Amino acid sequence: MSSPGPTLTLDERPQKPRRRRALTEERFFESVLQSISDRVCILDRNGVAIYTNRGAETFAERSRDPLDKLAVGNNYVNVAKSAIREGIAYAAERLRAVRSVLHQEQFSTEVQYPSPSKPCSHAVLMKVESMPQDYGGVIIRWLDFALPKSEARVATDRSLDLLANSAPVMMWRSGADKDCTYFNKNWLEYTGRALDQEVGNGWAEGVHPKDVDRIVRQYNEAFDARQEFVLEYRLKKADGTYGWVLDRGVPTYEANEKFSGYIGSCIDITSHKRSLEALHESEGRFQTLADVVPVVIWSTDSTQRRTYLNEYWRTLTSKEPQESLGFKWLEAVHPEDRPSQRASFAHAAKTARSYRSEYRIARADGNCLRCVDVGAPQFGPDGSYVGHIGACIDISASLELENTRSELVSRQTAAQEDERKRIACELHDDISQRLALCTLELDKIIREKRSAQAAKLYRHMEAIASDIHRISHNLHPSTLAHLGLVPALRRLSRDFSDQRQIAVEFNHKNIPPQIPHRIAISVFRIAQECLTNVSKHSGSRSAKVCLKGMAGGIQLAISDTGCGFDMTTLCDPGRGLGITNIRERSRMLGGRFEIKSKPRGGTKVVIWVPVKAIGQAASQVPA
């Protein structure tokens, strides 16, 4: 709060009559200024406020205008310059008036402007008058008064025009006769036309020819019904191109509730329209793609209800997509699979995670199809879960093909084992026996004639017989058939160590007492293949073979500390068939295959195969 003015202190010493009269006049002058209701401020020769009365102080408390808040000690010129920079209305006019009197260009002047604290029907008259030369400076008085109706309307129009031109939108106004009477600066800059070209119905000249009839009709219909309206149309811009605008109009009424026309605002929505067009085009492409792909495309909302099913749903289930929305799609799921399928998806929706499930589709013709259903969660702009989108794929043909392939592989493997067995028997029962006879005859010749050449030939014959025996054993390991998988792997490890000079450590744990023959022979062959790869490629001088019984099956792990390889080259054509054979044997048994390796980090191969209950003794071997 500014002080009421300079403090007047009386000297108690005897004063001359003239001095006493001056003090009395100042006190009288101050009391008069404080008593009047008008606002009063006195500036010195430099424009510094030296006095404000009570009316000015009271008004300053409720005004936002910095020139109304002028306090004693503030420089009016500096405050006015700051107000001009802030865009305060009529600040420049008020500063010119004060300066003209301060510089004695005129004795008095006045400025009229809209009241900053009252409706547009009120105005302020600011009077600036020169003080007597003995005092210097100026005295400013502000008078608030009501405008005549015609002037109030002009003031209102000026205020609305100021507001409209400062708003970041295009604005317009029409009279009760439908003719437009006003367009703000943004509209005129957007269209590149003058106000006299737009008023009346001139604005319609800028509307796109394909939109003008529709827009004029809708405008007239809303106008006649006195209803608010929202229109979208193309409006010609200053550069000759057309931009999409969103136009909203509302009816206006006078104080006596008489309809006076419309006031409206427009915003450019060209970018928004292009985004929508791109979105619609993308949705159209998605719809076309979704209807031609041979898979079911679906989506759900946050309540797990299916909101979309593409046309392939009809092909897969013989049911209409629209009739299967919500939870009705579950009617196509095999009754035995429904509970687990619904629980699986409910968990995915509750946790907003990816979803995968397998179930059967029961068709109307009585056939069942095996399907894989996968989905991914979708989230809104605020990060909240809004549903899933996914695909349901018919894998019946793939499963049938896989079963056929597995059966062929199984038959081929069985045929290979039979052929190995036959060759092994011929080597053991025929060639090995004949070599044994030749060895006996050579031994007899050596004893009778002491021939060094015969002795050398005898040693070659023994080496050949030993190699044939080893080949025969590898082709058909009799140890596996008679003693079981564990002794067969133990002997394989020992023989490999002896023949390849690679230390192979074998251990086993929790092996079931009986293992089906086809599983045992496949595991043995995988071990053979892995050890052969260690010898050929790893450069390692040691390896480990571990056979371990696990829940529902057995696991074979073979590792080395050799050179290893880059896993990205695993599928290179030059890799040969070793890894492929191991993978196929594991798959044929319904097992899992895993390989880990890195350059200079060794290699580890792990397979797991299920071991089920054995039905016939003829199909099993001891562990």
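Colleague: Which residues line the second largest cavity?
Modeller: The second largest cavity is lined by Gln304, Phe327, Trp329, Leu330, Arg342 and Phe345, where a cavity is a set of points on a 1 Å grid over the protein atoms alone at which a 1.4 Å probe fits but cannot get out, and a lining residue has an atom within 4 Å of a point. This is a predicted model, in which local features need pLDDT of at least 70 and side-chain atom pairs count only at pLDDT 80 or more, while totals for chains, interfaces and linings use all residues. Residues are numbered from 1 along each chain as its sequence is written, and side-chain values use heavy atoms, with hydrogens and water left out.

Colleague: What volume does that second largest cavity have?
Modeller: The second largest cavity holds about 60 Å³ of space, a volume being the space filled by probe spheres set on grid points that are joined across faces, edges and corners. By class, its lining has 4 nonpolar, 1 polar and 1 charged residues, with Ala, Val, Leu, Ile, Met, Phe, Trp, Tyr, Cys and Pro counted as nonpolar, Asp, Glu, Lys and Arg as charged, and the others, Gly among them, as polar.

Colleague: Which elements supply at least two residues each to the lining of the largest one?
Modeller: Those are strand E7 (180-183), helix H8 (209-225) and strand E8 (229-236), helices being DSSP runs of H or I with at least four residues and strands runs of E with at least two, numbered from the N terminus. The lining includes Trp172, Cys180, Tyr219 and Asp247, and by class it has 9 nonpolar, no polar and 1 charged residues.

Colleague: Switching topic, at what angle do H15 and H16 cross?
Modeller: The axes of H15 (residues 485-500) and H16 (residues 517-538) cross at roughly 20 degrees and come within 11 Å, with axes fitted to C-alpha atoms over the stretch in contact and angles running from 0 to 180 degrees between N-to-C directions. The two helices are therefore roughly parallel to each other, a label for angles under 35 degrees. Among the residues making the contact are Leu489 and Phe496 of H15 and Val523 and Phe524 of H16, contact meaning heavy atoms within 4.5 Å.

Colleague: Last one, where does Gly590 sit?
Modeller: Gly590 is in the loop between helix H17 (578-588) and strand E20 (592-597), and, not counting residues up to four places away in sequence, Gly590 touches Trp608 and Pro610.

Terms used
On a 1 Å grid over the protein atoms alone, a cavity is a set of points where a 1.4 Å probe fits but cannot get out, and a pocket is an open set with protein on both sides within 12 Å along at least five of seven lines; lining residues have an atom within 4 Å of a point. Angles under 35 degrees count as roughly parallel, over 145 as roughly antiparallel, 65 to 115 as roughly perpendicular and the rest as oblique.
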